[in-house]
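Please read it alongside the sequence and the coordinates.

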Amino acid sequence: NNNNNFRRGCVNYQDENYSVDLPVFSIHGNHDDPAREGTELYAALDLLDVANLVNYVGRQDQVNQIQIAPILMKKGDTHLALYGLGSMRDERLNRMWRAQNLTFLRPEENSNSNDDDEEEAKTQWFNLFALHQNRDLGRGTKNCVHESMIPEWMDLVCWGHEHECC
């Protein structure tokens with residue numbers, strides 16, 4: 001796959017040089033944003049990722065066009081498509097989303113068997129989206145991500161940057 005989410009080329013639990021019992025996937029928040037223009041400073045997540053202790057996802061190198069590819073995981077009959085988007089400036093992300101410069105790649109729904117029941121034979125992906133952004137809680141129309149912007153086919157959204165317990 002040309003859209004590799006990992007600097008090392010694979011998730012840490014698939015690296016034969018490491019023994020990982022519980023893989024952790026993480027996106028960055030607004031306090032550890034990797035967008036450090038012209039500097040060689042690293043955030044804590046960069047260091048944990050390089051040490052192969054976590055799987056750092058959701059980092060975007062492009063600021064004008066974002067394509068979010070899922071991490072596909074399978075265990076038994078469970079198929080998970082994990083989408084991640086780390087923190088970005090709210091106004092910029094809102095503008096890109098409205099201009100349709102943010103796209104989600106979806107996994108193919110392959111036929112797993114030749115049964116007569118075609119719907120049962122298709123791979124059903126559970127789509128989970130983790131993001132770290134402000135939600136529309138009276139912030140105005142351009143300073144947040146509106147729930148209506150999230151694709152309807154997303155099964156679960158884990159929304160970071162929540163300061164209140166509601």
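Which side chain meets that of Arg89 in a salt bridge? The side chain of Glu91 does, at 3.6 Å from N to O; a salt bridge here is a side-chain nitrogen of Lys or Arg within 4 Å of a carboxyl oxygen of Asp or Glu.

The model is predicted, so that local features need pLDDT of at least 70 and side-chain atom pairs count only at pLDDT 80 or more, whereas totals for chains, interfaces and linings use all residues. Residues are numbered from 1 along each chain as its sequence is written, and side-chain values use heavy atoms, with hydrogens and water left out.

**Overall architecture**

- The chain contains three helices and eight strands, where helices (H or I, at least four residues) and strands (E, at least two) are DSSP runs numbered from the N terminus.
- Read from the N terminus, the order of elements is β-α-β-β-β-β-α-β-α-β-β.
- The chain has 166 residues, and 37% of them count as buried; buried means under 20% relative accessible area, exposed over 50%, and partly exposed in between, with a 1.4 Å probe and protein chains only.
- Among contacts with a separation of 6 or more, 67% join residues 24 or more positions apart, a contact being heavy atoms within 4.5 Å.
- Carbon and sulfur atoms hold 45% of the accessible surface, which comes to about 11,100 Å² for the chain; accessible areas come from the Shrake-Rupley method with a 1.4 Å probe, and for residues only the protein chains shown count as cover.

**The four-stranded sheet**

- Four strands form an open sheet in the order E4-E5-E7-E8, with mixed pairing; two strands pair if DSSP finds at least two bridges between them.
- Strand E4 (71–75) and strand E8 (156–160) are the edge strands, each pairing on one side only.
- On average, neighbouring strands of this sheet are turned by 20 degrees against each other, direction ignored; the axes are lines fitted to C-alpha atoms, for helices over the stretch in contact, and angles run from 0 to 180 degrees between N-to-C directions.
- Six bridges join strand E5 (residues 78–85) to strand E7 (residues 126–132) in the parallel sense, and Leu80 stands opposite Phe126 in E7.
- Between E4 and E5 the pairing is antiparallel, over five bridges, with Thr78 in E5 as the bridge partner of Lys75.
- E4 and E5 form a hairpin with two residues between them, and Gly76 in its turn has a positive phi of about 65 degrees.

**Salt bridges and their exposure**

- The structure holds three salt bridges, one of which joins the side chains of Arg59 and Asp46 at 3.2 Å, N to O.
- This pair links distant parts of the chain, 13 residues apart: Arg59 lies in the loop between strand E2 (55–56) and strand E3 (66–68), and Asp46 lies in helix H1 (residues 44–50).
- Arg59 is partly exposed at 33% relative accessibility, whereas Asp46 is buried at 1%.
- In the pair of Arg89 and Glu91, Arg89 counts as exposed at 60% relative accessibility, and Glu91 is partly exposed with a relative accessible area of 32%.
- The side chains of Arg135 and Glu147 meet in a salt bridge at 3.4 Å, N to O.
- Arg135 and Glu147 are twelve residues apart, each in the loop between E7 and E8.
- Arg135 is partly exposed at 25% relative accessibility, while Glu147 is exposed with a relative accessible area of 55%.
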